[in-house]
Amino acid sequence: MRFLFVHQNFPGQFLHLVRHLHAQGEHEIVFISEANEGALPGVRRVLYRQDRAVSQNTHPSLRELEMGLIRAEAVARAAQTLKGLGYTPDIIIGHHGWGELLNIVDVFPTTPILGYFEFFYHTDRNDVDFDPEFPPRPDLFPNVRVKNAINLLALNLNQYGQTPTLFQKSTYPDWAQNRISLLREGVNLDLCAPEPAIFERDVAIGPHVIRPQDRLITFVARNLEPYRGFHSFMRALPRILAERPDARVVLIGGDGTSYGAPPPVEAGSWRNVFLNEVASRLDLDRVHFMGKVDYDIFRTALKRSDAHVYLTYPFVASWSLREAMATGCAIVGSQTASVEEFVTDRHNGLLAPFLEPDRIADSILEILEDRSLAATLRQGARHFAESELSLDGYLANYDALIGSIVN
């Protein structure tokens, strides 16, 4: 088959699928993206470039839509060049969030499109107005409604869709959900696997050495910010460190803002805001901010973790939650819909209210104190990953979905 992938940040969500298709040795694979240094064997890249920036005169609520339309035009030009060179794909696979797929139907009108639908925004549920500490700005609701413009244009293409969780699918309107297939994303269960012997020796996590007698608490997010519960976790730490003098804490994540409002300018980062709030009640020698780390350090931290904390607003679940489950971590997760799809309380993790640091601390302390419970949760997390998050199963389901569309 001839595959055409589209994602501005090559290879985006499609790394595993592209590798899988190349390994089958019977496909032509072309990938349209913006320029970056990425490369994969067997993939022919076609680069596009936006011909202009978003106008400063554009209404602020419309700037994301305008950028999407600019990208759609650029991708369509690249696709037209491909067509002129004799390449017509059997299927087009891409991410709808960037607007890149909106015009490609005009270039290849008979080629089916399988688009990734990530999230449909609402003004009255999920992440918006979830956290009373950060109430929505007066201008937010109109912006949220317009933010769905690309989503709605993509749905109006009457093509095929996929999304990785039931929660994400449920955010879309009822009339759209039958066009979106559930395709649970998979984890490499060999790379992310328990390593029981790691608890019996000194382990280096970056510059920090964790000893066998230490109880390690881990927290991971792309950026340390309220959307991912950083404030709730930091407020739970003083009590945990006071009650457990053997506890060490490793936090992995940057100081940027992936979601929601940026921190106050004078603070510089959300890390500074919430660390300053509790620093006088912490033994900072036992709290290690790692920043962004390479994948091996991240995996080592999960393998050695005694209690792994994953908190989020009702929003898209991070890949790190899947990887923590595959690694067999004893997880404390937030009682939010996106986490509850993965974590069942007292079966493969503990759930605590996102907005209640004392309840989060209770759960972490329970795992640290009850080794039998921790072992049960570890086994449950790994079993869930093996049954629901297998990379091989994910790719087999991807093959089946593609086959149902093309054949």
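**Note on loops, helix packing and the parallel sheet**

1. Asn158 lies in the loop between helix 5 (149-155) and strand 6 (160-163). Helices (H or I, at least four residues) and strands (E, at least two) are DSSP runs, numbered from the N terminus. Phi of Asn158 is near 60 degrees, a positive value in a residue other than glycine. Asn158 is exposed, with a relative accessible area of 54%. Buried means under 20% relative accessible area, exposed over 50%, and partly exposed in between (1.4 Å probe, protein chains only).

2. A word on the basis. This is a predicted model, in which local features need pLDDT of at least 70 and side-chain atom pairs count only at pLDDT 80 or more, while totals for chains, interfaces and linings use all residues. Residues are numbered from 1 along each chain as its sequence is written, and side-chain values use heavy atoms, with hydrogens and water left out.

3. Asn126 also deserves a look. Its phi is positive, about 60 degrees, although Asn126 is not a glycine. Asn126 sits in the loop between strand 5 (113-116) and helix 4 (140-147). Is Asn126 buried or exposed? Asn126 is buried, with a relative accessible area of 15%.

4. Check the bond between Phe10 and Pro11. This peptide bond is cis, with omega about -5 degrees. Pro11 belongs to the loop between strand 1 (2-6) and helix 1 (15-24). For context, most residues other than glycine have a negative phi, and most peptide bonds are trans.

5. Six strands form an open sheet in the order 12-11-10-13-14-15, with parallel pairing. Strand 12 (287-291) and strand 15 (350-352) are the edge strands, each pairing on one side only. Two strands pair if DSSP finds at least two bridges between them. Neighbouring strands of this sheet are turned by 20 degrees against each other on average, direction ignored. Helix 13 (residues 357-369) packs on the sheet and touches strand 10 (215-223), strand 13, strand 14 and strand 15. Its direction makes about 160 degrees with that of strand 15. Contact means heavy atoms within 4.5 Å. Axes are lines fitted to C-alpha atoms, for helices over the stretch in contact, and angles run from 0 to 180 degrees between N-to-C directions.

6. Strand 11 (residues 247-254) is largely enclosed by the rest of the structure, because eight of its eight residues are buried. Ala247, Val249, Leu251 and Gly253 point one way, while Arg248, Val250, Ile252 and Gly254 point the other way. Strand 10 and strand 11 run parallel, joined by seven bridges. Leu251 of strand 11 is the bridge partner of Phe219.

7. Strand 13 (residues 307-310) pairs with strand 14 (residues 331-334) in the parallel sense, over three bridges. Gly333 in strand 14 is the bridge partner of Tyr310.

8. Helix 11 (residues 319-326) packs with helix 10 (residues 295-304) at an angle of about 55 degrees, with the axes 10 Å apart. The contact uses Tyr295, Phe298 and Leu302 of helix 10 and Ser320, Glu323 and Ala324 of helix 11.

9. How many of the eight residues of helix 11 are buried? Seven are, so helix 11 is largely enclosed by the rest of the structure. The buried residues include Arg322 and Glu323. Their cover includes strand 10, helix 10, strand 13, strand 14 and helix 14 (371-388). Just after helix 11, Gly328 has a positive phi of about 75 degrees.
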